[in-house]
Amino acid sequence: MEDYIVSARKYRPTTFDDVVGQPALTTTLKNAVKSGKLAHAYLFCGPRGVGKTTCARIFAKAINCLHPTADGEACDECESCKAFNEGRSYNVFELDAASNNSVENIKTLMEQTRIPPQIGKYKVFIIDEVHMLSTSAFNAFLKTLEEPPAHVIFILATTEKHKILPTIISRCQIYDFERMTVTDIINHLKKVADQEGITYDPEALNVIAEKADGGMRDALSIFDQAASFCQGQITYQRVLEDLNVLDADNYFKIIDLSLANRTGEIMLLLNALIAKGFDAGNMVNGLASHVRNVLMAKDPETLPLLEVSDSQRQRFQEQAAKCPTKFLYKALRIMNQCDVNYRQSSNKRLLVELTLIQVAQITQADDEDGVAGRSPKRLKSLFKQLTAPQHTTAPRVAVADKPLLRPTKAAKHEEAVTKPSNETGNAPQPPRHNSPTPGGRTRLKMGMAGLSFKDILKAGQEKTTPAGSQEQKSSSENRQFTQDEVGLQWMLMCNRMPQKMTGIAARMKNMTPRITTFPRVEVTVDNQILLDEMAAIKGRIRASLADGLHNGELEIDLRLARMEEIKPIPTKREVFEDMTKKNPAIEKLRGLLDLELA
């Protein structure tokens with residue numbers, strides 16, 4: 001029984017004409033051999049399995065051939081070619097830089113460059129995976145690479161060109177190898193299958209070519225695996241089963257169901273695919289590629305961009321005729337967003353399900369009844385119903401200062417409802433220039449320009465409150481309030497403070513107002529600077545609390561804290577630990593939900 005050799009080695013090209021998918025590069029190299037115009041250093045770069053090392057070996061054999069052909073190929077008959085084919089040539093040296101990347105390895109290589117070749121014209125040094133060399137090894141290699149002996153040619157091969165030093169790249173002729181197309185891979189696999197006596201389905205070879213991702217070596221390895229699994233008869237279904245590849249029929253079915261808005265059947269299909277072991281994220285990526293192909297199939301000019309078999313191309317054209325272009329654009333955008341968020345999502349299956357639901361609802365008309373849960377109009381009307389019953393007829397607290405919280409739309413509506421109408425038909429008298437407005441607020445004049453807000457507020461208080469008299473209070477609302485209600489309204493007031501007062505609002509949240517002698521409320525302030533800032537807006541603080549507690553007689557006292565009253569502000573973790581000590585069930589809930597303190 002003969003020793004088995006994998007197809008990637010057995011059918012490795014031995015001439016430039018056998019190389020698949022690189023016609024421009026092979027033509028350039030053959031012309032260099034014919035003309036004898038050879039550079040001293042070449043850099044072959046490109047993805048894996050596209051023929052970099054293979055072309056380097058063919059090129060090394062051709063430039064040492066004693067009788068090259070007219071088109072630049074090696075003759076395979078001279079002593080140099082026979083020695084190369086039998087692996088005993090002393091003119092070609094290969095170095096794997098992945099395992100020989102030190103300065104000592106490069107120095108040993110440099111010593112070999114001094115010895116001229118015995119047969120042929122050149123000594124060729126092929127350094128594979130050259131990007132793995134260390135920086136010191138690169139620096140030791142620079143001088144020799146720039147000015148090597150006349151009989152030395154270097155061929156460097158790499159998959160990661162960006163990792164090579166620019167000083168190395170500038171000394172080489174650069175050849176960028178292209179990724180193999182699906183058509184080139186399929187044609188080569190057909191030749192291999194015919195020589196091996198293996199029967200195949202064209203669709204099965206197409207799946208193998210797509211799985212190879214542009215690498216011929218990967219394609220031949222997958223071909224050997226499929227041939228072993230199928231026992232010499234490669235069929236489409238057996239290849240899908242062996243490679244665990246999702247059948248394209250599922251993608252066609254999902255798009256057809258999405259056009260018909262049959263979301264339930266899509267969810268059942270997704271569940272069946274996940275149960276078979278397919279990854280939901282890969283399924284979405286495959287569906288996005290499928291939609292892209294459908295979009296390309298809508299235009300005859302872009303139809304050649306489909307790297308599929310003829311039967312598959314016909315199916316794409318049929319589905320493209322049914323899909324609106326707008327649907328395809330939106331579906332691609334939705335699935336692309338899913339791909340962006342997939343890694344960060346903690347519930348990946350839910351994200352994929354929501355993505356497929358959105359795709360299935362693209363062509364669905366807006367449902368005014370909100371049955372599908374898509375129409376934002378339904379949500380807006382629901383919010384209106386929730387906010388409408390919150391109107392109250394309680395009168396406002398008449399205060400001279402402007403509250404810190406802004407009146408809501410419901411409050412404005414309440415004011416319009418509770419305001420007495422003018423039944424007599426007489427127009428209301430306009431306010432005097434020196435009198436306050438009906439809301440208790442001071443009317444601004446041009447003469448106030450240049451005054452600070454504090455001065456304007458003080459001026460308004462002087463005009464609205466006569467000398468020697470107390471501030472006007474509402475006698476119609478004088479509700480009792482508790483310490484908890486004071487704390488709640490204080491926190492609500494801090495949350496509603498304007499954007500420009502964010503800093504002082506954050507510090508006020510750490511304070512605890514306390515009832516001293518009802519209805520007086522005392523607030524202890526940690527430092528004098530904050531006390532002065534709060535004193536400037538004391539009237540507005542009192543007005544907001546009076547409005548929230550429905551008590552016009554409320555008074556605010558600001559006091560500087562004594563040294564023994566100042567306590568450090570607890571951190572979030574300290575607050576949480578204190579809560580768990582008081583209630584151990586909180587820690588148990590955290591463990592069950594696997595939560596972490598942000």
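This is a friendly dialogue about reading a few features of a predicted model.

Trainee: Let's begin with the sheets. In what order do the strands of the open sheet of 5 strands lie?

Mentor: In this predicted model, the order is β2-β3-β4-β1-β5, and the pairing is parallel. Reading a sheet begins with its edges. Here β2 (92–96) and β5 (173–176) are the edge strands; each has a single partner strand, so one side of each is left without a neighbour in the sheet. On average, neighbouring strands are turned by 15° against each other, direction ignored.

Trainee: How many bridges join β2 to β3, and which residue in β3 is the bridge partner of E94?

Mentor: The two strands run parallel and are joined by 5 bridges. The partner of E94 is I126 in β3.

Trainee: How do side chains sit along a strand?

Mentor: As a general idea, in a regular strand the side chains alternate between the two faces of the sheet. For this structure, look at how β3 is covered: 5 of its 6 residues are buried. Helix α5 (residues 103–112) lies across β2, β3 (123–128) and β4 (152–158), and runs at about 165° to β3.

Trainee: What is the order of the sheet with 3 strands?

Mentor: That open sheet has the order β8-β9-β10, and its pairing is mixed. Its edge strands are β8 (514–515) and β10 (555–560), each pairing on one side only. Between β8 and strand β9 (residues 520–525) there are 2 bridges, and these two strands run antiparallel.

Trainee: Now two helices. At what angle do α12 and α15 pack?

Mentor: Helix α12 (residues 248–259) and helix α15 (residues 310–322) pack at about 10°, and their axes are 11 Å apart. Angles under 35 degrees count as roughly parallel, which means that α12 is roughly parallel to α15.

Trainee: Which residues make the contact?

Mentor: From α12 come A248, D249, F252, I255, D256 and L259, while α15 brings Q312, R315, F316, Q319 and K322. By kind, the contact residues divide into 5 nonpolar, 2 polar and 4 charged.

Trainee: Which residues does the cis peptide bond join?

Mentor: The bond joins F518 and P519, with omega about 5°. P519 sits in the loop between β8 and β9.

Trainee: And P148: is that residue buried or exposed?

Mentor: Buried means under 20% relative accessible area, and P148 has 17%, so P148 counts as buried. P148 is in the loop between α6 (135–146) and β4. Leaving out residues up to four places away in sequence, P148 touches H40 and F154. P148 and H40 are 108 residues apart in sequence, but their C-alpha atoms are 7.3 Å apart in space.

Trainee: Last, cysteines. How many disulfides are counted?

Mentor: A disulfide needs two cysteine sulfur atoms within 2.5 Å, and the count by this rule is 0. C81 is in no disulfide: the nearest cysteine sulfur, that of C78, is 3.4 Å away. C81 is buried because its relative accessibility is 0%. C55, at 1% relative accessibility, also counts as buried.

Terms used. Residues are numbered from 1 along each chain as its sequence is written. This is a predicted model: local features need pLDDT of at least 70, side-chain atom pairs count only at pLDDT 80 or more; totals for chains, interfaces and linings use all residues. Side-chain values use heavy atoms; hydrogens and water are left out. Buried means under 20% relative accessible area, exposed over 50%, partly exposed in between (1.4 Å probe, protein chains only). Two strands pair if DSSP finds at least two bridges between them. Helices (H or I, at least four residues) and strands (E, at least two) are DSSP runs, numbered from the N terminus. Axes are lines fitted to C-alpha atoms, for helices over the stretch in contact, and angles run from 0 to 180 degrees between N-to-C directions. Angles under 35 degrees count as roughly parallel, over 145 as roughly antiparallel, 65 to 115 as roughly perpendicular and the rest as oblique. Contact means heavy atoms within 4.5 Å. Ala, Val, Leu, Ile, Met, Phe, Trp, Tyr, Cys and Pro count as nonpolar, Asp, Glu, Lys and Arg as charged, and the others, Gly among them, as polar.
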